[in-house]
Amino acid sequence: MSPAMVMSPKQSNYDSTLEFQYQKGVKHMYENGIEHVPNKYILPASERPNVVINSEKSSHVPQIINVQLPIIDFAQLQGPNRTEVLESLSYACQNYGFFQLVNHGIPDEIMNEMVNVSKRFFEMPFSEREKYMSTDMSSPVRYGTSFNQTNDGVFCWRDFLKLSCHPLPETLPYWPTSPLDFRQLAVTYAKENKYLFLMLVEAILESLGLKNKEKKTKLVAKNDDDENNDDDDDDDDYIEEILKEFEDGSQLMVVNCYPPCPEPDLTLGMPPHSDYGFLTLLQQDEVKGLQIQHQDKWVTIQPIPGSFVVNVGDHLEIFSNGKYKSVLHRVLVNSMKHRISVASLHSLPFANTVRPSPKLIDETNPRLYKDTDFASFLQYVKSCDSTKKNFIESRKFDQS
Ligand code: OGA
Ligand code: NI
């Protein structure tokens, strides 16, 4: 037997053992004292964090660009300055696809406890976390690693726990029971988050010009001039209908854990992606790492304690017929600190079709996106590399 013939089965055995190890996630690897990033996690040079995008020659000069995202004060949105705040909201959604939400009304204690119990979840022994491992996309609870661990060629430096929050009575019995207070804290957080999301959707619809802002005055005038007000009533019914759909909409909570990485310049915590859904409400701890693509550069979002980073998802880009942008973002890792984030992704019920709002389309604003549903998204995730912003691109009508 030639040496080569002896080598190859051994080699493949070795590879599959490693592959099996990687499926256990990066926290597990970190706990075992890893000193170098394994090949499986090393990005091609052009995709590494310090490369300047859209430059003729790719350069490796580190660029640290911190950007102050537009800040939306939720309390102000509920007060006499609503109109001005809605304008800022619209500006942020068009030009950044992101904003920081402060004074949102969810008590600090609930926010802090959620991050705290998430940390404690990831600190449990692997044998405890492993119980929730699943690669089934429809499972109500899913512990895993990387971005899409069955498809990713290169793995990323993240472990996650995904909790499906709707309908809660059906999904809750599957959520982790340890740490002992996990369920209680996560349920409270999920409910508060949903309520805040619904208030935000109302503001977003209004910022798109879909709501009759002067409802009260017009209703008083109704008796005098019935005909003119029919449109306004239609608008209100339309808004009510959409809000009702969202009340029964999908909600996914993703707890992300990014352990320290021995060579953070070679890999990413999450590759560039846009979020599938209508809006994402992200709580990040005090460790920075989130970057968004803004004016052709990657810029770092400074954490503001107690706030949410809110971003436009693919569904809102489609619904707004491209006015609001679902922007690419990614996560950097570092060699010193653990980072925890909790992302809440909200959208319409899975069975619904997402399409541009008929009220935002006319001859001067032709429809730009095709109908979209969850089945077509799942098909897309299975079939190709979901780390590029291809999904939303695939939903656009060919403009040529
Ligand atoms: C996400 C995401 C960013 C972060 O979960 O989709 O983009 O900072 N998270 O963890
Ligand atoms: Ni995201």
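Predicted model: local features only at pLDDT ≥ 70, side-chain atom pairs only at ≥ 80, totals over all residues.
Local features need pLDDT of at least 70, side-chain atom pairs count only at pLDDT 80 or more, and totals for chains, interfaces and linings use all residues. Residues are numbered from 1 along each chain as its sequence is written, ligands are numbered from 1 in the order in which they are written, and side-chain values use heavy atoms, with hydrogens and water left out.

Student: Why do the buried residues of α4 line one face of the helix?
Tutor: Helix α4, a DSSP run (H or I, at least four residues), covers residues 82-95. Its buried residues (under 20% relative accessible area, 1.4 Å probe, protein chains only) are Arg-82, Val-85, Leu-86, Leu-89, Ser-90, Ala-92 and Cys-93. Seen down the axis of α4, with directions taken from the axis to the C-beta atoms, they line one face because they fall within an arc of 160 degrees.

Student: How far is an oxygen atom of ligand 1 from an N or O atom in the side chain of Ser-341?
Tutor: Ser-341 is among the residues around ligand 1, along with His-273 and His-329, each having a heavy atom within 4 Å of the ligand. For the side chain of His-329 the corresponding distance is 3.0 Å, and for that of Ser-341 the distance is 2.6 Å.

Notes. Helix = DSSP H or I, 4+ residues; strand = E, 2+ residues; numbered from the N terminus. Expected span 1.5 Å × (residues − 1). Buried < 20%, exposed > 50% of the residue type's maximum accessible area, 1.4 Å probe, protein only. Polar contact = N/O pair within 3.5 Å; in protein donor to acceptor, adjacent residues only side chain to side chain.
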